Amino acid sequence: MKNNIKEIRLALNLSQKELAQLCDVSRQTINMVENDKYDPSLPLAMKLARSLNRSIEQLFELDD
C-alpha cells in the first residue's frame with residue numbers, strides 16, 4: 001500500500017512527532033508508515049486521516 005502522508009504532513013507544517021502525538025503513537029510508527037515499512041491498522045489509518053483533515057482514500061492507495 002502506498003501513501004502520501006509525508007507530503008500532506010509537510011504541507012500542513014506538522015512534524016512527525018506532532019502527528020504522532022495527535023494519533024497517540026510513537027514518532028517511529030509515523031516514520032515507518034511514511035516509508036511504507038508498516039501498514040497501519042484501520043483505527044490508526046482513521047486517526048491519521050482525521051488528524052490530517054483528509055479521507056483515508058486521500059492518504060492511501062493500493063498497489064496494483
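Begin by selecting Asp 36, which is found in the loop between α3 (27–34) and α4 (42–51); helices here are DSSP runs of H or I with at least four residues, strands are runs of E with at least two, and both are numbered from the N terminus. The model is predicted, so local features need pLDDT of at least 70 and side-chain atom pairs count only at pLDDT 80 or more, while totals for chains, interfaces and linings use all residues. Residues are numbered from 1 along each chain as its sequence is written, and side-chain values use heavy atoms, with hydrogens and water left out.

Stay on Asp 36 and look at its backbone: phi is near 55 degrees, a positive value in a residue other than glycine. Asp 36 is partly exposed, with a relative accessible area of 45%, where buried means under 20%, exposed over 50% and partly exposed in between, using a 1.4 Å probe and protein chains only.

Next, select Asn 13, in the loop between α1 (5–11) and α2 (16–23). Phi of Asn 13 is also positive, near 60 degrees, in a residue other than glycine, and with a relative accessibility of 68% Asn 13 counts as exposed.

If residues up to four places away in sequence are not counted, Gln 16 touches Arg 9, Arg 27, Ile 30, Asn 31 and Glu 34, contact meaning heavy atoms within 4.5 Å.

The end C-alpha atoms of residues 5–59 lie 6 Å apart, and the span is 67% helix and 0% strand.

Finally, zoom out to the protein chain, which has five helices and two strands, running β-α-α-α-α-α-β from the N terminus on. The C-alpha trace spans about 30 × 20 × 20 Å along its principal axes, and buried residues make up 34% of the 64 residues.
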